[in-house]
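Trainee: Could you take me through this model slowly, one question at a time?

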Amino acid sequence: MRRVVLAGRGELAEWRDAARAFAAAGILPDEIDWREKSAEADLSFQRDAMPPAPVTRRPMTVPPAFIELAETVLCHTDPARFSLLYRLLWRLQLDRQLLEVASDEDVARARLMAKNVRRDAHKMTAFVRFKEVGAVTADRRKFIAWFEPDHHIVRRMAPFFQRRFTDMDWLIVTPKGSAAWDGERLTMSDEPCEKPNLTDVTDELWRTYYASIFNPARLKLKAMQAEMPKKYWKNLPEADLIPGLIASAESKVRAMAARESTQAMPFHERLQEAARSVPAEPEAPAGTLEALRAEAAVCTRCPLYEKATQTVFGEGPPDAEVMFVGEQPGDQEDIAGRPFVGPAGRLLDQVIGEAGIDRSRLYVTNAVKHFKYEPRGKRRIHQRPNMGEVKHCRWWLNLEMELVKPKLIVAMGATALAALTDAKHRLQDIRGEAMAIEGGRTLFVTVHPSYLLRLPDERLKAEELARFRQDMLKIQRLMAAIG
Ligand code: URA
């Protein structure tokens with residue numbers, strides 16, 4: 001029996017190097033005793049870490065899905081994770097499709113570990129609460145957060161926090177290591193930390209914010225308990241408000257119902273209810289577009305969510321080179337949950353198709369992700385979002401851009417233009433031109449297809465449509481130049 005002792009802090013390279021060496025030496029899974037360093041005395045690490053026998057065999061190969069699985073499973077705290085992965089590595093040499101066999105005991109166990117790690121990571125994104133500990137410079141502030149993860153996820157999650165909180169200095173300390181960002185460097189340590197004694201003025205802010213966004217009519221106790229397990233409460237400044245808010249929810253809902261003269265139309269309530277009952281998507285890895293979509297689905301950053309059926313998030317390839325940005329979902333998009341599927345979308349599809357642009361290559365999204373409208377009889381009449389709503393929603397648009405990294409962005413209409421540029425450009429001044437914007441990207445500005453649909457004068461409509469076609473041809477040429 002060969003014993004190998006790993007630090008086991010969720011680093012693929014550490015396990016992979018050992019596994020490669022053992023595999024190359026033909027050492028079978030049940031001939032290795034994998035241990036974790038924290039459970040061992042340092043001495044035994046020195047004494048027992050046995051180098052494998054000389055390399056004699058062809059290197060083993062694995063499908064990319066195994067690497068992804070291993071990266072996640074290695075973050076788990078189960079000491080059996082190393083041997084489980086090594087056994088899978090061997091078995092994959094005989095059966096390349098093994099990972100698809102959900103009923104296989106090893107596969108099922110690995111998948112469950114990966115799921116637990118992803119869940120833990122998701123909780124970290126939701127429950128880390130930064131506390132201010134002073135300013136570094138006049139315009140740069142410094143924060144610390146304490147979090148208690150179940151698994152070794154600090155390294156895995158640090159880049160997420162770097163992206164999210166890039167303009168402040170922060171330190172996240174946990175019993176399983178720490179991560180810090182100073183605006184230039186992301187540093188990580190595996191040293192366990194102790195809980196710092198921290199409170200700050202933002203605690204009160206959190207509590208006020210939480211109490212104000214708590215919507216008693218939307219309270220779903222079971223879902224809330226599942227999403228926000230009690231073990232996280234002790235580190236959440238708002239946690240002690242929760243029992244009181246829950247207790248008063250019923251009477252608040254009754255009071256709301258009593259003063260509902262401005263309520264949404266009854267048919268719309270049913271749509272909202274149906275959208276809420278769509279089964280939750282499986283949890284996506286944090287820092288991905290899918291995870292962002294799931295977060296945006298419960299967005300309450302501005303009041304537009306109250307009347308809309310659902311969030312209409314962007315769609316398209318996660319690495320699309322071109323992003324089209326519209327204004328906000330319309331009536332049909334609000335019901336379908338997808339952007340540009342109504343009349344404006346059909347016009348857009350037609351014109352881009354004529355210009356030789358394949359919609360499936362585009363990431364299509366909106367400046368604002370909820371439908372803003374005015375009920376009129378049974379109809380819902382589009383209302384333009386105001387600058388405050390655009391600014392709130394820019395949060396999602398910026399994150400979409402950060403993840404998709406498009407080289408070319410097409411702003412359709414004044415709202416998209418305002419969301420994408422801080423400068424006050426008038427659309428007609430820059431329409432039909434490509435301009436360089438932040439992040440080495442190109443912005444192309446054109447009109448919104450709904451504008452064309454609304455033009456009452458047929459001659460003007462024909463002229464404007466021709467210009468819109470010209471714009472799409474220019475975009476097609478820009479796309480060809482990009483690659
Ligand atoms: N108008 C938009 O701006 N976006 C849509 O998704 C539909 C219509």
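**Questions about the model**

Trainee: Which residues does alanine 180 touch, not counting residues up to four places away in sequence?
Mentor: Contact here means heavy atoms within 4.5 Å. Once the residues up to four places away in sequence are set aside, the partners of alanine 180 are Trp170, Leu171, Arg185, Leu186 and Thr187.

Trainee: What kind of model is this, and how are its residues numbered?
Mentor: Side-chain values use heavy atoms, with hydrogens and water left out, and local features need pLDDT of at least 70, side-chain atom pairs count only at pLDDT 80 or more, while totals for chains, interfaces and linings use all residues. This is a predicted model, with the residues of each chain numbered along its sequence as written, from 1.

Trainee: How far apart in space are alanine 180 and isoleucine 144?
Mentor: Alanine 180 belongs to strand β6, residues 177-181, where strands are DSSP runs of E with at least two residues, and helices are runs of H or I with at least four, numbered from the N terminus. Along the sequence, alanine 180 and isoleucine 144 are separated by 36 residues, whereas from C-alpha to C-alpha the distance is 9.0 Å.

Trainee: In what order do the 5 strands of the open sheet lie?
Mentor: Two strands pair if DSSP finds at least two bridges between them, and β8 (322-326) and β12 (408-412), which run parallel, are joined by 4 bridges. In these two strands, valine 325 stands opposite alanine 411. The pairing of the whole sheet is mixed, and its order is β9-β8-β12-β14-β13.

Trainee: At what angle do helices α5 and α6 cross?
Mentor: Axes are lines fitted to C-alpha atoms, for helices over the stretch in contact, and angles run from 0 to 180 degrees between N-to-C directions. The axes of α5 (residues 105-127) and α6 (residues 154-164) come within 11 Å, and their crossing angle is roughly 35 degrees.
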